[in-house]
Amino acid sequence: MMLYSNATIASLDGGQPYGLIENGTVAVEEGVISWVGKDTDIPAECNNGENEDLDGRLVTPAFIDCHTHIVHGGNRAGEFEMRLQGATYEEVARAGGGIVSTVKATRQANKEALLSSALPRVDALIGEGVSLIEVKSGYGLDIETELNMLRTARAIEKVRPVRVKTSFLGAHAVPQEYKDQADNYIDDVCLPSLEAARAEGLVDAVDGFCEGIAFTPEQIERVFKRAKELGLPVKLHAEQLSHLGGVKLATQYGALSADHVEYATAEDAKLMADAGTVATLLPGAFYTVRETQLPPIAAFRENGVAIALATDCNPGSSPLASLLLAMNMACTLFRMTPEESLVGVTRNAAKALGVTDTGVIRAGMRADLAVWDVGHPAELAYRIGFNPLHKRLFAGKV
């Protein structure tokens, strides 16, 4: 048993703000938290454990990035320049850029190249205390490349100390060879890819992009129906650029999360609360595409909708690989509180992935922890471009 004592613990497990325990100890045994509480209350059975004095440092659950497109080929720095010259995200997409341009680069890369390019981004997240990353497909848009993306995502956790949850995102965009034939694409490519990925054990959830430049609610519903038949949970990129009814569809299928949701309404918030669907906010995309429509934070709060935060790490609309920066952006751009932002990258991020063994500091949970060289959790969202991580524990191992 290992004891981490003399710590400020943000347990995020109810009670006072942050679930804060001053002068606290976390006991870890065989990769699991066995006890947490005040230094003065350590039970007798923990007294024989090795002790590390953390000298007042902050301990939080390890971070979770619950929405990424971290596996992809190429980059879109050229389109970044286009947007700076006045082109909108939608105009770039309609001109053959955007997702479609990444598809070309991803199809040209083999699994080894995809993994090699993804690992520096993964390492950046691990270096900020991340222990769990969600990784989507969606840049292949043909059967073999979609499968290769998911195989690459599964390979990440074999070469790095991090867990990966995969989301099949075949309904991300319509490839050039199926231009104006979205329904045929779903029949010929998307659904067969999903079935093959499920058979190979490559997919943990099914996602889609419900938007004017992507797929209609009716088309996404076809994918969701098949996902449910295959026993897979769903989630959705919804109401990012307009309001098409994606949130309503997602909640009808009990979605784990609805993501982006800048154009969601108060009625959508009620539907999400009733369905237990998490609102995953992606301030990196909001910032990069210079969006002005704010997500309905007040309605989410009023209805008790869990709010998660993620990087949306991708080559186009959010080339962001820092959850610390995403936390600061959420506070500055969306007026979330530092506590909401920390909960958003831990407890609520776990909920957005359907994961129940991490996200809070509680006996019986995985010992995925982050130790920070700060005295109060608000400092994590306060600083910009500064990483105060002291150490990360992954299943109890530094």
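**Exercise 1.** Which element gives the largest share of the lining of the largest pocket?

*Solution.* The model is predicted, with local features needing pLDDT of at least 70 and side-chain atom pairs pLDDT 80 or more, whereas totals for chains, interfaces and linings use all residues. Residues are numbered from 1 along each chain as its sequence is written, and side-chain values use heavy atoms, without hydrogens and water.

Step 1. On a 1 Å grid over the protein atoms alone, a pocket is an open set of points with protein on both sides within 12 Å along at least five of seven lines; a cavity is a set where a 1.4 Å probe fits but cannot get out; lining residues have an atom within 4 Å of a point.

Step 2. Helices are DSSP runs (H or I, at least four residues) numbered from the N terminus. H2 (89-94) and H3 (99-108) each supply at least two lining residues; the largest share, three residues, comes from H2.

**Exercise 2.** State the volume of the largest cavity and the residues closest to its centre.

*Solution.* Step 1. One cavity of 30 Å³ or more is counted.

Step 1. The largest cavity holds about 100 Å³ of space. Of its 13 lining residues, His 69, Tyr 89, His 172, Asn 314 and Ser 317 lie closest to the centre.

Conventions: Points joined across faces, edges and corners; volume = space filled by probe spheres on them.
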